[in-house]
Every structure is written in structure tokens, then in C-alpha cells.
Amino acid sequence: MAAGMTETGLVSIETIANNGASDYVHGGNVDTPREGYSGDSYGLTIEGWVLSRQIPVEHVEVLHEERPLAVVEVDQERPDIAAGFPEVEGASRSGYRTTISTLKLSNSFELVLRAKLVDGTRLPLASLRGQRRSLPASGGEEIQPLMVNTIGRSGSTLLVTLLSSHPDVVAFSPFIKDARVSTYWVNLLQDLSEPASLLAPFDPPDLELPHWWLSSAGGELGEPEVERWLGGEGVESLAGLCRGQIEAFYRHLAEQSRPRFFVEKYLPHQTVPDLLAEMYSGAREVILVRDFRDTLCSVIAFNRKRGWDAFGRAEGGDDAEYVRGPLRQSVATLAGRLQNQSTGALLVRYEDLILNPEPALAELFAALGLAADEDLVGETVALAQQSTASMDHHRTTSDPAASIGRWRKDLPEEIAAVCNDELGSLLAEFGYEAS
Amino acid sequence: MALVEIKRVEQPDAVGGGLLGCRLDRPKSAARSDTYSFELVGWALSEAGPLAKVEVLQEGRLVAEAEFDDPRPDIATAFPVAHAERAGFRVSVSAVDLRQEFALDLVVRGPEGFHAKIAEVTGERAPLPAAGEDLIQPLIVNTIGRSGSTWLVWLLSCLPEAVAFSPWARDARVGTYWTSVLQGLARPQSYLAQLVPGPLEQPTWWLDRPDLRPGVGGDKELEAWLGDEAIESVAGFCQSRIDAFYARVADSAERPGYFVEKYMPYQLTPDLLAELYPGSREIILVRDFRDMLCSVIAFNRKRGWEGFGRADVASDEEYVQTTVANSARRLLRRLREQGEAAHLVRYEDLIQKPEETLAAMMAYLGLDPSEEAVAETLARAEANSLESHRTTDKASASIGRWQRDLSPELAQVCAEVLDPVLTEFGYEPTLALASEG
């Protein structure tokens, strides 16, 4: 059980910090939940108000780890605020209300509420710190997740291929496809666990709308016990069923063999690895890194090769912005996961896999509790090399070993300097030298 | 065993009406699919310019659509117009969105409202595997809004063997919810996303990827498994959620035999539930469609906004000609198709002869229709119903209200489009009553 949780509470809120009045707003407050809240559902209702001075509020955003989780209209009636601010236009409808699934949050979470004003200004309103109880884990009899958590263009396809070449590990055509079976089912679990979906059968918006079952007005059911069951036990059963679907897929893929792990890739921003670690008692996480400057060169070259921007590059403006924004955020997340002992994550460096595959792999297999004798490791590497022989479409250099340190010649000086400023300490944490 | 078999593909021998040409290349008649989906592949070329999309319609309702994005150099060679290069389409159709015996129309659409039907495809799909005889079975109330369905659901939920969720307060659609989830996940546009994921940042990337087509996963055997066994497994998953919910709501030592919910005539859900649950039962509830129309008009006026599909049309006359007439005909077709598998209940009988009507329903459900059991159930229903719904006098008074409430013009429209269906359901035709009056 997470620290600070009660026996019955699935979600608890420990602290709420309201920013109150400012140059932009007359005031604002999170009314629900309150500090000390403990709920028996994985859903969390957030209610409050905000009243702007000059520039109207477009909406309120709920963020988790800097990523938007919900966009909420400010349209709820608040006669109490209207009474307090009788001269202010819009005070009577200054309330907002939303419900979110805490399965989209980490166990210990911080939610930030931010108002977006119509001129684009974003104004922090409040932050809520709390905890969510872990989903119940299975007994460990299923094929367990082996999660490769990494940034794109770090050699994850190679690592997944190497891992899946071990007789105790299964993956779906890692060199041809980038299957995300567990992400599919966990994302489905997260979306169906949203209160808007849980309550959709009781307040269907319009049965003819596509995917109507993912949304509803999100009001209350009027039967608290049934609502608690839907948001608590119902969600946990759903998690079990999703686990069953993942198991069925990999059992079918493995045919007669009985592997211990299925291996898939995950991105640093995803909460999927956390949920899988909760749902599977034997889940393991491998954090794969590559000198982030080489990763950057590879992203730029790969995007150029196929003609469109990916790997979060489109979000960040120019290359410098990409480094300061998405890339730095991803690297910091990986560093945080590695430092967080509860993840039990193992570190693998791409450079070791390329330059010294056998010892790197033997060490990894051993740490995962897999057979790691010399012959088996040698066979695994040979098998993976056969599989990777036709991966030209995936490469941006002709020789993987030659790609190590490519940033020294490929990165413009000013971008290398930005990398140094933004990633210097993080590079050192992963054993790379800053320039 | 094939899960889908195409019986017949019909295409016009001659084209025209704004099309330079069109052809459905696949499937051919007698084609079979080992999964719960199949592809429609072809091309169409309009005289005016690029077409926007192709739609697959079942009983006039959209079940799949696609853009014209399949390169067809052969068509470009045959028709030297600029837009011929991308005259091809490929539409994945999930058979779980289709009736077991299905008939599909392929319609192409272009700018300025242009549309043309280019093919008809009929076929058959295998039923979803029935499972879970020990599960709480669906008791389907198939009906049109304002036909007394809330009272009927409430009455049925007063049977010791049945459960419903707060019929007076909510219009629970748990069965529809989970069959809709099943239909969503049974589409190749969803399940293939496991193998070829889209941008993971996009909301519901796992649900709707129109670019995913059979073969995209590069493993035919695995795709076949995903399109067959895995879907059946998801169906079991959905059944278990429905069962868990109603077992929780029933909250009694003895599991109820049935859960009661309403369904609308156009929905495929009753078909799917009937396939999945061997013990499902279906009651088709009708009310004199003219009284129902009066009730819709009055109810919409009372609450200040248009519901029951009335907002989709411009006038009450059009509402009768389209929404009401289509729903009534669907219910009639359903009754004929189901035969003795379904049970017809007329609202008027439910109000005026409740004992007799309830006893007949209980017999249909395989329950004890004794006088005592019927009386106890009715007493329970009357005692616990809302005051506003308890007055059978009021309900009785509403029977035949159309004769005083409907304008002569609207009554005339009812006569023209509803009389044949009304007669089939045992109601007096409008014209006969008008002449009596």
C-alpha cells in the first residue's frame, strides 16, 4: 500500500495549494476534493471556481507531469461567487467541474490546475498532491511484461530483438512491427475507467454517436454505492480482463513454448509501465539510453529521411526547442525512474549493446533472472543478428558502431551547446561525458 | 469454418448519373472470410471531379466508410482524367456491425450532395458463440420512445426473477454499452492497432485507425486469430462485465434470471445479445403510433427541447413520414423475423388488461404465470412506482388521445404512412376511425 493511504481509500488527497487572487483573477479555489479526502473509487471529481479580472478565462486545464489530462469549461453556476462579486460579469457561472480517472496518474501524483485565458496566457490556479492505491496484482502465473522504457531512436528495436531472441522472452516481429499490445489494453482500461465512460450507460449522450460509450455528461449516478462499485471493484475487474487479453495474445504467439516475459517498448511519458508494474507481480523494466546527442542526430536524420517529423519533434519548434522541451523532459523522466528504487529498473546503454553485446546481454539476462550462460547468450546474439540483417529502412547510418558519437560531427555547434546546457547533468547521470 | 460468406454481389451493368465508371472488385459472390471482417475493394470515378468517400449502408444506416485513397493506375490509364489516379477505395467492414443475414448498399458521395449507389452486397455471418447459460440473461424490451417502456421495465423488474437498474430514475443501457464496446474492438481499425500502433499521444488511438487494413500486421495467422478467437474472447469479456453489474445491483442471495433494458428498433444490440446469450428473451412493445406521436409532441413541448429524433426533421409531418414510420416498420419486421422467439406486448393491453398481459409475458419467460404470482408482481409494481406513473386512470385516458389531439392534416399523414403497420399490430386504421367519426 502506498504511504499515507487508508485501508479503504483508493485515492487520497494530501495537500491542496490554491493560488487565489492575482493581477489576472479576482480569485479562485478548488472546493472539491478537500485536503484529507479519501475516496473509494479510482475516479476523482474536481470542482472549483475562477473569476477573471480583465481577460476572460477560456477554460481550465488539468495537468499531470506537465501533460494535459483534461480541458474543463468554466460554465457551472456559482450563486455564492456571484453574491461575493456582485459587480463582476460572469461571476454567476464561474464554476468548473470535471472527473478524471486516476489510472492516468502515477501512484504519488501532483495535479496542476491552470486557467487558459482567451489571450493565450496560462495561469496556475492550484496544485493537488495525492496518492492512488495500486491496482491489484495477479499471482504471477501469466507471461510477465518486460518493459523497455526509452526515447525513440535509442536502439530499442535492436534491444527488443535481442531480448526476444532469448527462449524465455516473446515479442511480435520486433524488427518489422512495433507492436504495443499491452499499451493498447492499458490505454483501453484507462479510457473505460474514466468516470465519463463508466457513467455513460446511465446517461448516454446519443447512442448514434460514434464511441458514445467513452463519454457522458459525467454527472452523478444518484446511487453512491453502485457508483463506488463501478469506480472501484468494477475498474479492478476490468484491469484483470485486460490482463487476460494481453495474456491470450502472447500465449497464442508463443504457441507451445511458455516464455516468462513478453517484451514491448514504452515511451517515458507513458503511465502504462506503472500500471503494468501494479498489475503484474513479476513485471520488469529496462531503461535503455543512448547518448542523447546521438539520439537527437538520429531523430533529425530519420525525420529528414522519411519526410515528416516524429518522436515529439513536431511539438518543439526548432531543434533547440526540441532539446529544451520534449527531449529534456523525456531524459529527466528516465533519470527519475532509474533513481526511483520502487521501479527496480535496470539500465542498458545502447553503446554497450553495440560495442560489447555479449557481456551487456549476459548481465541483463542475469539481472532479469533469465538463463545467461555463454552459449545461450552467443546463440541469442547470432539469432538477433539474423533478424536484424534486413533493417536498412530503420537505419540512418551504415554502421551502428560508427554512429556512436556521431553528434560530434553531425550536430551544429549551437545545438551541441544547447545540449550541453540542458542535458549536461543528465548525461553525466547516465555515464556520458558532457562536451 | 468461414465466419462470413458473401452470397451475392450486384452491380449496375451500365453506369451513368454522373459516374464515368465504377466497379466493386472484391469480394466476389461466394467469397468467404475466416474472420469477423471483410474488405470491399473497388473504384469509382465521377464526371465532375474527385469523389469524397464511399459509404457502406445497412438498412440505410452507416456501418463503414472510407476515402478514395487507393492508387489505381489501371483506371487512370483507362480514363485520362486527373482524378482517376486515386479512384480506388478499400473499406474494412466488421461483420459484428452487421445482421447475421446482411444486405449492404455501397454509396459513393461527392461534392454538392452528389451520391450514387454502386453495388449491393448480401451475405451471412456466423453468430457470435453463445456462452454463459449461467449468466443473468437479457430481457430485451425493443420499443420506440414514449410507448410506456419505463412502466414495462419497472413492472418486469418487480418479478423476483428479474433485475433492472433504477428504471424510474435512469435509462440504463449497460447491455448496449458493452455490446458497443465489443463492436468498437471487433473492428480491424481497432484490433490491428495492437500490431501497428498509431501516434500514442492521440486520444483513442487504440480505437479508430481508418488506415489499418487486413495484412498490415504482416502475419496472416495472427491477424486471423485477432479477427476471430480474440473477438470472441472480447465478447466474453463484455458479457462478464454486464453480469457483474447486474449481480451487484440485484444484491440478493439468489441470482436473478434476467436483466431488463430498453433497446431501440434500429439497434443491432438485441441481435448480438440473442447470439451471445442462449436464454435471452425479447419483448416488442408497441403503442398506437398515433398516441405515441401525440405523447412525443406534448413531452417535447413540456420540457422545451426536441427529443426522440424530432430535432432531425423540419416538421411533425416529416417526423411521421421518416422517424416514426421507419421505427414502426422495423418493429413489425422484427416481430415477423423473430416469430415465436419474441413476444408482442401492446401498451394498451398492459394498461387495460394488466393481469392477462403480465401472465402472458411470464409464461413467455418460462415463469410461473399463476394468478397469485401475477397479482403479487402487479401489487409490488403499483406500490413502489412513482406517483406520476401510478395513475392507471390517467394512462387509460391517454389511449386514443390522437383522435382529439392530432390535427386533421397530421392524422391524414398518419393514415397514409402508418395505417398498414397499425393494422398489422392490431390497431384500427386512421381512415376507418375517421369515417366512423
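In which loop of chain A is A:H211 found? A:H211 is found in the loop between α4 (195-198) and α5 (224-231) of chain A; helices (H or I, at least four residues) and strands (E, at least two) are DSSP runs, numbered from the N terminus.

## Basis of the report

This is a predicted model, in which local features need pLDDT of at least 70 and side-chain atom pairs count only at pLDDT 80 or more, while totals for chains, interfaces and linings use all residues. Residues are numbered from 1 along each chain as its sequence is written, and chains are lettered from A and ligands numbered from 1 in the order in which they are written.

Chain A has an average pLDDT of 91, and 94% of its residues score at least 70; pLDDT is the predictor's confidence in each residue, from 0 to 100. In residues 1-7 of chain A the pLDDT is below 50, and this stretch has 14 contacts in the model beyond near neighbours in sequence. Two residues are in contact if their C-beta atoms, placed from the backbone, lie within 7 Å.

## Overall form of chain A

Chain A contains 14 helices and 15 strands. Its radius of gyration is 24 Å, close to the 22 Å that the globule rule gives for 435 residues, so chain A is as compact as a globular protein of that length. The radius is taken over C-alpha atoms, and the globule rule is 2.2 Å times the number of residues to the power 0.38. Along the principal axes, the C-alpha trace of chain A spans about 75 × 55 × 45 Å.

Of the 435 residues in chain A, 45% are buried. A residue is buried if 20 or more other C-beta atoms lie within 10 Å of its own, exposed if 12 or fewer, and partly exposed in between, with C-beta atoms placed from the backbone. Among contacts in chain A between residues at least 6 apart in sequence, 69% join residues at least 24 apart.

## Loop residues of chain A

A:H211 has a phi near 60°, a positive value in a residue other than glycine. A:H211 counts as partly exposed because it has 15 C-beta neighbours inside 10 Å. Another loop, between β2 (25-32) and β3 (38-39) of chain A, holds A:P33. The peptide bond from A:T32 to A:P33 is cis, with omega near -5°.

A:Y24 belongs to the loop between β1 (11-18) and β2 of chain A. With 17 other C-beta atoms within 10 Å, A:Y24 is partly exposed. Leaving aside neighbours within four places in sequence, A:Y24 is in contact with residues including A:S52, A:R53 and A:L117. The C-alpha atoms of A:Y24 and A:P56 are 9.2 Å apart, although these residues are separated by 32 residues along the chain.

## A loop of chain B

The loop between β2 (19-26) and β3 (32-33) of chain B is the place of B:P27. The peptide bond leading from B:R26 to B:P27 is cis, with omega near 0°. B:A30 also lies in the loop between β2 and β3 of chain B. Its phi is near 75°, a positive value in a residue other than glycine. B:A30 is exposed, with 11 other C-beta atoms within 10 Å.

## Strand β12 of chain B

Strand β12 (residues 258-263) of chain B is mostly covered, with 6 of its 6 residues buried. In a regular strand the side chains alternate between the two faces of the sheet. Both faces of β12(B) are covered: B:Y258, B:V260 and B:K262 are buried on one side, and B:F259, B:E261 and B:Y263 on the other.

Strand β10 (residues 137-143) of chain B runs parallel to β12(B) and is joined to it by 6 bridges; two strands pair if DSSP finds at least two bridges between them. Here B:N142 stands opposite B:Y263. Strand β11 (residues 162-163) of chain B also pairs with β12(B) in the parallel sense, over 2 bridges, and B:A162 stands opposite B:Y258.

## Contact between the chains

The contact takes 32 residues from chain B and 32 residues from chain A. On the side of chain B that touches chain A, the elements giving two or more residues are α3 (174-185), α5 (220-226) and α6 (229-250) of chain B. The most comes from α6(B), with 7 residues.
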